[in-house]
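Work through the exercises below with the sequence and the coordinates open. Each task is followed by a solution in steps.

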Amino acid sequence: MNGLRTLRTLRTVGFCVVIACAAVVSPAAVVSSAAAAEPGATAGPGAAAHVDWSALPVPPAAAPPAVSDLAARGPDEVWATGSEQAADGQRPMLYRWDGTAWSRDTTFPGAEEPGRLGKVQFVGEETWIFRTRDGAGEILRRSAKGAWSTVPLPQTLWAYQDFVAVPGAAWVVGEDSTGLKVLHYDGSRWTPQPTPDGVLYLMGITARTATDAWSWADTSTGAGTVVLHWDGTEWRDAKVPLPTNSNVHTMLLEPAGRMTIVGSQYTDGVGRTYLMTWNGRDWRTTYPALGDTDASAMVRGPDRALWLPVRSDRAFQSKYARVDGRRITYSYGPERTNAILVKPRALAAVGDSLLSFGTVEIYGSKPNLMSERLGGRR
């Protein structure tokens, strides 16, 4: 009997010691140790880091709004685009973060006309935004002094897949009644560009310079998805060894030559996320445990890890994944009272912080805009 009591006492003391040890480990220490760990260790799907996201007020749009893009020139200039719902259909929506607060911008031409705003690009000191209006495409250009002008496309397309602009060049890709269209702008005129045989359409496009552009395309040759490269002369198959039966969600280009491709590979109808990284010599492919997550909003954060919004298991909080090698950690946004769905749609690295822009649905009302920030000034 005395032995049994002794055993129970030892168990109780041991349990208390474990609790006490856990209590003295701060959340910051947990995050720091996770970030410093070797990439061979993989956090489980439910592992969540203690990361401090804060809510940023956003002036409401006509509900329900749709978010297209979020892009940052620097800590004091971030643009968010999309559309809001009006009686006669979609109307363009533009917001600016000035380092302190979000504000609505309605100074651009045609702000009250039907249409939507898409991708944002920074070209020198100008800001370029792709816009559709009455089915026609055009580029809105904002000078450093805040003056707006437009660059119309040479033709109207049935569908606009993507847009990219760099100093000296811009591309719009889409389709019309004759099929694939790649429209190239050299600063003064538009010209169509041919693509390799068998390319059905381009699903996305990005560029570093006027002679270094990349696109991912669907083909009819049996190769499935391929990566194309523009070298200033023509579009060629870049011979990137994508996983079999895969697609591409997005491609991240960095000035030093590093490139990251993220997409999904399908086996027996089940998808899994893959990451391909080019280090200047070789491609390295990994399969982070993200399931079949839509990774089109993935960005490289100020900490050099990859970040993306993911489906949250908490209706009242957003959720973000941080991918550093094979290690994945998760963090949640701030709790939102009576929220039934919080959906970050886009991320951007803004100085030493991360900014998200998306929608939140509060019980009893339609979804409206929300923004959250990790790090940065308080």
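Helices (H or I, at least four residues) and strands (E, at least two) are DSSP runs, numbered from the N terminus. Two strands pair if DSSP finds at least two bridges between them. The model is predicted, so local features need pLDDT of at least 70 and side-chain atom pairs count only at pLDDT 80 or more, while totals for chains, interfaces and linings use all residues. Residues are numbered from 1 along each chain as its sequence is written, and side-chain values use heavy atoms, with hydrogens and water left out.

**Exercise 1.** Determine the mean pLDDT of the chain and the contacts of residues 1-46.

Solution. pLDDT is the predictor's confidence in each residue, from 0 to 100. Its mean over the chain is 88, with 86% of the residues at 70 or more. In residues 1-46 the pLDDT is below 50, and this stretch has 26 contacts in the model beyond near neighbours in sequence. Contact means heavy atoms within 4.5 Å.

**Exercise 2.** Describe the hairpin of β20 and β21.

Solution. Start with the ranges: β20 covers residues 270-278 and β21 residues 283-286. The two strands run antiparallel and are joined by four bridges.

**Exercise 3.** Is P92 buried or exposed, and which residues does P92 touch?

Solution. First locate P92: it belongs to strand β4 (residues 89-97). Buried means under 20% relative accessible area, exposed over 50%, partly exposed in between (1.4 Å probe, protein chains only). P92 is buried because its relative accessible area is 1%. Leaving out residues up to four places away in sequence, P92 touches several residues, including G82, F108, P114, L117 and R131. Finally, the C-alpha atoms of P92 and G118 are 9.1 Å apart, with a sequence separation of 26 residues.

**Exercise 4.** State what share of the chain's residues counts as buried.

Solution. Of the 378 residues, 47% count as buried.
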